[in-house]
Amino acid sequence: MKKFALLLILSFYVTLPVQAQEQQTFVPTGINWDNTAARTSRVLQQRSLSSSNAIPAGIVNVSIVHPDYLDPNQFGLLISKANSITDCHDYSSLEYQAKYIENYYMDIDVSHYRRTLNETQNPEFDCDKKSKIISGLIILSADELKRKNVRQIRFSNGNARDTYNVSVTQNAVRLTPESMIAFKAQNLQGPDKTYIQYNFVDKSLLTLQVPMAEKGEDITQAVRNLASKSALQPVLDRAGLDTSGTNNVFYFTDPNNRAAERIGADGYAEFGTINVMRPHDGPNGRTAMPTPLKVFLTRPNVTL
């Protein structure tokens, strides 16, 4: 049984950082001479960076994830950034420190990542110059957050700090950013897109989402009729869940676990289509025509 405590796990995905700004010496216009000072400055800078191997984290994305190996009431804070690799260096994961602070705080200080030269004999063919992700995963426990009465998580990269308010209930954990200067919350939820959230629900719970449905369209019964063909049971009321369908997201249980098997690595699957009646201007004037809308099957924490 895993302990409900803070674990620090670093991922092994890599990418190239944004290049540090160079100090340059400019050649006056119209003078034809070798700018030795500028060339020397760049060489010294490259040597310095190579010797330290440390590159500041800069802007970082923040999202809530739940890998399969976690306990039901654990979740992960994924800190990440993406760029294209254009040289023959290998890059480490993001390096950080995370600690609980008395008086309701948790501090996560993301400092840097490192690079080492890939001494390949064929750089044109052996260097993988594709867009990749460099990241770190901070695994937290809802029980631990509640026990320590954590109310805020304070992120810092050494130059900027962002604070996320923490709310933990029996069924969910919610992080609401007060600012996003350097730490940008991904997949914001809620009517005004103001928070990220993870719901601690049983694995039989699924959602059907209709992202192309328009506000005011009554699609509840059509979605339920489609779900019944796969033996999904509607969830009409459950603490911590918005079961109203206002955001075109509908909750169901999957007693046989057959529908869940259709969800792919990207977190969703096309489940089917429903029809809604929408106005159409034709030769005989405006009439109501059936319009097909795709329905997607997801886990509760995936928002399309």
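1. Let's start with the nonpolar cores of this predicted model. The largest of them has 35 residues, and Phe75, Leu77, Ile108, Ile138 and Ile153 have the most contacts inside it. The biggest contribution comes from strand S7 (residues 105-117), which gives four residues to this core. Another core, of 20 residues, lies apart from it and includes Ala213, Ile219, Ala227 and Leu297. As background, nonpolar side chains in soluble globular proteins tend to be buried together.

2. Setting aside neighbours within four places in sequence, Phe75 is in contact with Ile64, Val65, His66, Leu70, Ile138, Ile139, Leu140, Ala142, Leu145, Val173, Tyr198 and Phe200.

3. Is Ser80 buried or exposed? Its relative accessible area is 12%, under the 20% cut-off, so Ser80 counts as buried. Ser80 sits in strand S4 (residues 74-84). Beyond residues up to four places away in sequence, Ser80 touches Val60, Asn61, Leu94, Ile133, Ile134 and Ser135.

4. Next, a run of strands joined by hairpins. Strand S9 (residues 152-156) pairs with strand S10 (residues 161-168) over five bridges in the antiparallel sense, and Gln152 stands opposite Asn165 in S10. Four residues lie between S9 and S10 in their hairpin, and in that turn Gly158 has a positive phi of about 95°. S10 is also joined by five bridges to strand S11 (residues 172-177), again antiparallel. Here Ser167 stands opposite Arg174 in S11, and the hairpin from S10 to S11 passes through three residues.

5. What is the strand order in the open sheet of five strands? The order is S15-S16-S14-S18-S17, with antiparallel pairing. Strand S15 (233-234) and strand S17 (268-282) each have a single partner strand, so each is an edge strand with one side left without a neighbour in the sheet. Within this sheet, three bridges join strand S14 (residues 205-209) to strand S18 (residues 285-298). Leu208 has Leu297 as its bridge partner in S18, and Leu297 is also among the residues of the 20-residue core.

6. Finally, the helix that goes with this sheet. Helix H4 (residues 220-228) lies across S14, S15, strand S16 (249-253), S17 and S18, and runs at about 145° to S17. Ala227, whose number falls within the H4 range, is one of the residues of the 20-residue core.

Notes: Residues are numbered from 1 along each chain as its sequence is written. This is a predicted model: local features need pLDDT of at least 70, side-chain atom pairs count only at pLDDT 80 or more; totals for chains, interfaces and linings use all residues. Side-chain values use heavy atoms; hydrogens and water are left out. Two strands pair if DSSP finds at least two bridges between them. Helices (H or I, at least four residues) and strands (E, at least two) are DSSP runs, numbered from the N terminus. Contact means heavy atoms within 4.5 Å. Axes are lines fitted to C-alpha atoms, for helices over the stretch in contact, and angles run from 0 to 180 degrees between N-to-C directions. Buried means under 20% relative accessible area, exposed over 50%, partly exposed in between (1.4 Å probe, protein chains only). A nonpolar core is a set of buried Ala, Val, Leu, Ile, Met, Phe, Trp, Tyr and Cys residues joined through side-chain atoms within 4.5 Å.
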